[in-house]
Amino acid sequence: YADGSENWDDIVAKARQEGEVVVYSSSGRIAKLVDSFNALYPEITLTLFDLGSVKTIEKSVREQDANIYNVDIITTGNSGQVIHEMLNKNRLFNYVPAAYVDRIPVENRDPLLIRVNEALVFFYNTEQYPDGAPISNIWELTEEKFKGRVGIKNPMSSGSTLMGVATLVQHPEEMAAAYKSHTGMDIELGEGVPDAGYEFIARLLKNDLVIFKSGSKLAAASGKKQQSNPLIAFANMTYISRNDSDDFANGIISSLEPVSKLVYPTFTAIARQAPHPNAAKVFTAYLLG
């Protein structure tokens, strides 16, 4: 962390001389900051690359392995890779501006600064189901009534979705208990399936799980109005904002056994050998402020 000896005026002056800050981001929403950042720091060009969580990490690693150092700020989820493949291999370093250290809980700044905590939730269409969520137990999604009517973003291109699926798999006892609560029976595992966590994923795939490339299209598949059979979407909670911007009818299933919400962090850190280190510090403080 920065300490009291950090001279912020000097950092800002040097950042203005550097003239640019380059950001690799897992989210396109950060592009909305360009105008307001430029209004505060017109001498610093904010250059953004909306890459998604998987490509943010892949691009950063490949460039550094080739001794190419283009990026200043990396802001992404996918905590497993960020911690093990990036932080633990010195591909980025943690920076918390001195003015914010005492205002951020330790768990949100150590080992890396968390810019925002987000969540994966289950969306349902409130127009189709005006009386409330159509399910109360996650295992219902593996049944015939929801065949071909459950959607997720591709876990191979979305780190947050991958971490969400992995979290479900890592809690087999809770998944087994939820199954028994729903059916009254102990779960029977398929051939070669080690536990109830993996069994849930196997049954979901057999039930014609719909896999999307785009999170916004997934949110539309569950939330678009005047649909006859809208999907249940395992999606990033942030897409609830599309109810306002796109007139969707998504609702969040808030009571679901064994879990209704999977919280995950989005980190912000300065890349190794960042070409504009002071501008990176200024942008980090701007994100926090």
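Of the contacts in the chain between residues at least 6 apart in sequence, 78% join residues at least 24 apart. The model is a predicted one, and its chain has ten helices and ten strands. Buried residues account for 48% of the 289 residues. The C-alpha trace spans about 65 × 40 × 35 Å along its principal axes. The accessible surface of the chain is about 14,100 Å², and carbon and sulfur atoms contribute 48% of that surface.

The aromatic side chains give a way into the fold. Across the whole structure, a search finds nine aromatic pairs. In one of them, Phe37 and Phe283, the ring centres are 5.4 Å apart and the planes stand at 80 degrees, so the pair is edge-to-face; the cut-off for that class is an angle over 60 degrees. This pair links distant parts of the chain, with Phe37 in helix 2 (residues 34-40) and Phe283 in helix 10 (residues 277-288), 246 residues apart. Phe37 and Phe283 are both buried. They also belong to one aromatic cluster, which Phe37 and Phe283 form together with Tyr41 and Tyr286.

A second pair joins Trp139 and Tyr179. Their ring centres are 5.1 Å apart and their planes are at 80 degrees, so this pair is edge-to-face. Here too distant parts of the chain are linked: Trp139 is in the loop between strand 5 (114-125) and strand 6 (150-153), while Tyr179 is in helix 6 (residues 172-183), 40 residues apart. Trp139 has 1% relative accessibility and therefore counts as buried. Tyr179, at 12% relative accessibility, counts as buried because the cut-off is under 20%.

Tyr179 leads on to the packing of helix 6. The axes of helix 6 and helix 7 (residues 196-206) come within 7 Å and cross at roughly 65 degrees. On the helix 6 side, the contact involves Pro172, Met175, Ala176 and Tyr179; these meet Ala196, Gly197, Phe200 and Arg203 of helix 7. By type, the residues of this contact divide into six nonpolar, one polar and one charged.

Lys59 lies over the face of Phe49, at 5.9 Å from the ring centre.

Terms used
Residues numbered from 1 in each chain as written. Predicted model: local features only at pLDDT ≥ 70, side-chain atom pairs only at ≥ 80, totals over all residues. Heavy atoms only, no water. Phe/Tyr/Trp six-rings, centres within 6.5 Å; stacked < 30°, edge-to-face > 60°. Helix = DSSP H or I, 4+ residues; strand = E, 2+ residues; numbered from the N terminus. Buried < 20%, exposed > 50% of the residue type's maximum accessible area, 1.4 Å probe, protein only. Lys NZ or Arg CZ within 6 Å of the ring centre and 35° of its normal. Axes fitted to C-alpha atoms, helices over the stretch in contact; angles between N-to-C directions. Contact = heavy atoms within 4.5 Å. Nonpolar A, V, L, I, M, F, W, Y, C, P; charged D, E, K, R; others polar. Areas by Shrake-Rupley, 256 points an atom, 1.4 Å probe, with all protein chains shown as cover.
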